[in-house]
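The following paragraphs lead through a protein model, from its strands to its core and then to its ligands. Please consult the sequence and the coordinates alongside the text.

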Amino acid sequence: MSNAIRSDGTVVMATDRCKGCELCIPACPPQVLSMSSEKNSRGYYYPVLAEGCTGCTACHLVCPDYVFEVYRIASSESRVKVAS
Ligand code: SF4
Ligand code: SF4
């Protein structure tokens, strides 16, 4: 049996900060971000997360509006913030 720690990720998005530039969409390696069909409070479409985030932080690095907080999930009980 492997002792490898599960290392998935997730993001928390401050979607009201998003200006809809879509830079994050192609930047996500597993392509788990897509643009919403609804607009945020400022009138822009914003990213929506599907399953499969690895916590790689690419979206955080590319977003000019600091929308993404990135977490890596090391077990079912813990998650570690790696970028905000
Ligand atoms: S890169 Fe940032 S501002 Fe641009 S669409 Fe994605 S979340 Fe919105
Ligand atoms: S952290 Fe990486 S895998 Fe997760 S949504 Fe952002 S770019 Fe995609």
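Helices (H or I, at least four residues) and strands (E, at least two) are DSSP runs, numbered from the N terminus, and two strands pair if DSSP finds at least two bridges between them. This is a predicted model, in which local features need pLDDT of at least 70 and side-chain atom pairs count only at pLDDT 80 or more, while totals for chains, interfaces and linings use all residues. Residues are numbered from 1 along each chain as its sequence is written, and chains are lettered from A and ligands numbered from 1 in the order in which they are written.

Strand β1 (residues 8–13) runs antiparallel to β4, to which 6 bridges join it. Within this pairing, Thr10 has Tyr71 of β4 as its bridge partner, and Val12 has Glu69. On β4 there is also an antiparallel pairing with strand β5 (residues 79–83), made over 4 bridges; here the partner of Val70 is Ala83 in β5.

The side chains of strand β4 (residues 68–73) alternate between two faces. A residue is buried if 20 or more other C-beta atoms lie within 10 Å of its own, exposed if 12 or fewer, and partly exposed in between, with C-beta atoms placed from the backbone.

Phe68 and Val70 also belong to the largest nonpolar core, which has 12 residues, among them Val11, Cys28 and Cys59. Such a core is a set of buried Ala, Val, Leu, Ile, Met, Phe, Trp, Tyr and Cys residues joined through C-beta atoms within 7 Å. Not counting residues up to four places away in sequence, Cys59 touches Val11, Cys24, Ala27, Cys28, Leu33 and Phe68 (C-beta atoms, placed from the backbone, within 7 Å).

Cys59 is also one of the closest of the 17 residues that surround ligand 2, together with Cys28, Cys53, Cys56 and Ala58 (C-beta atom, placed from the backbone, within 6 Å of the ligand). Around ligand 1 there are 14 residues, of which Cys18, Cys21, Cys24, Cys63 and Val67 come nearest.

Note on methods
Two residues are in contact if their C-beta atoms, placed from the backbone, lie within 7 Å.
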